[in-house]
Amino acid sequence: MDERARHWQYDELPGVDLLRARYVHKTFVRHTHENFVIAAIADGVEVFHHGGGDQYAGAGALALVNPDTPHTGRAGVPEGWRYGAVYPPPDVVAEIAAETTGLRGTPGFVSPVVDDPYAAGLVHQVLRAADEGNALAADTLLRVAVTRLLRLNGGTLPRREVRTAGARIAARARGVLEERMARPPTLERLAADLGTSPFALLRAFRNTYGMPPHAWLTDARVRRARRLLDTGTTPSEAAVAVGFTDQPHLNRHFSRMVGVPPGAYQRERKNVQDLG
């Protein structure tokens, strides 16, 4: 079976990423998103590691991931899985929650998998409306889908307070890696600069961010590369700017986290701008 994917945006849904894909052999490495993930499975099964265990989402179910939450993705059956996904930003979800639910604080999803064919159908309708240029339908259906999922499976996300000494060290290490993304220090040098040992830093970072520093850095590089591509930077320039050795290095990691190569990703963004 052929694998295919389209990752795009629709101007009338500002900040919302859209994805339609069929994957068979595709494996998503551990990564995060700045936005929410609302993925509606059309057929097959997706397995994704989330919260310490594997989660299974089949046809009619939705895979739901809150922002900045590490997760993976792969096929759960030999024929793979086909799905459509919307990625609304946190401020959009917060606005919808404030208008339509009684949730207080920062809203999010409680369970990573919800079996609700009706909500899954709404997600597919959002994508169809965006394809057809039907702004009223796309916006309405997105709000209805998010409202339904928050009412079925919504909760208040815990505040990210840096309470422990380990969490404070991890936050400082993250700051250094963000500043020195293109030329990061070794783990030993980073730990020494922060007054701790390499293994203590590794443990604290993993406990705080759900992945070791090197994996977090790759994830952050891909995120920054996406922002550069959105502003018209070429994939080869973006690769060097964020610290990858060359464009093939970026291509490999980008595809394993975003689901499409950077060139295809940027072409869809350019198409949206050209139509605007």
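Which residues of the largest nonpolar core touch the most other members?

A: Happy to take you through it, with the reminder that this is a predicted model. The largest nonpolar core has 32 residues, and those touching the most other members are Leu13, Leu18, Ile38, Leu62 and Val86. At least two residues of this core come from each of β4 (37-50), β6 (61-65), α1 (90-100), α2 (117-132) and α3 (135-153). Helix α2 gives the largest share, eight residues.

Leaving aside residues up to four places away in sequence, Leu62 touches Ile38, Ala39, Ala40, Pro112, Val113, Val114, Asp116, Ala119, Ala120, Val123 and Leu149. A second, separate core has 29 residues, including Met181, Leu190, Tyr209 and Val242.

Asp116 and Arg148 meet in a salt bridge, at 2.6 Å from N to O. Asp116 sits in the loop between β10 (113-115) and α2, while Arg148 is in helix α3, so the pair ties together parts 32 residues apart in sequence. Asp116 counts as buried because its relative accessibility is 7%, under the 20% cut-off. Arg148, at 31% relative accessibility, counts as partly exposed. Elsewhere, salt bridges with shared partners join Arg6, Arg20, Asp131 and Glu268 into one network.

Helix α1 and helix α3 are also linked by charge: Glu95 in α1 and Arg143 in α3 are 48 residues apart, and their side chains form a salt bridge of 3.0 Å, N to O. Glu95 is partly exposed at 35% relative accessible area, and Arg143 is partly exposed at 28%. In total, the structure holds 17 salt bridges.

Arg221, found in helix α7, touches Met181, Ala182, Pro184, Val242, Gly243 and Phe244, not counting residues up to four places away in sequence. Arg221 is buried yet has no salt bridge, and the nearest side chain of opposite charge, Asp246, is 11 Å away. The side chain of Arg221 does reach the backbone oxygen of Met181, at 2.8 Å.

Helix α7 (residues 213-230) also holds Asp219. Asp219 is buried without a salt bridge too, and its nearest side chain of opposite charge, Arg223, is 4.1 Å away. Arg223 instead meets Asp68 in a salt bridge of 2.7 Å, N to O.

Key. Residues are numbered from 1 along each chain as its sequence is written. This is a predicted model: local features need pLDDT of at least 70, side-chain atom pairs count only at pLDDT 80 or more; totals for chains, interfaces and linings use all residues. Side-chain values use heavy atoms; hydrogens and water are left out. Helices (H or I, at least four residues) and strands (E, at least two) are DSSP runs, numbered from the N terminus. Buried means under 20% relative accessible area, exposed over 50%, partly exposed in between (1.4 Å probe, protein chains only). Lys and Arg count as positive and Asp and Glu as negative; His and the chain ends are not counted. A salt bridge is a side-chain nitrogen of Lys or Arg within 4 Å of a carboxyl oxygen of Asp or Glu. A nonpolar core is a set of buried Ala, Val, Leu, Ile, Met, Phe, Trp, Tyr and Cys residues joined through side-chain atoms within 4.5 Å. Contact means heavy atoms within 4.5 Å. A polar contact is a pair of N or O atoms within 3.5 Å; within protein, one must be able to donate a hydrogen and the other to accept it, and residues adjacent in sequence count only if both atoms are side-chain atoms.
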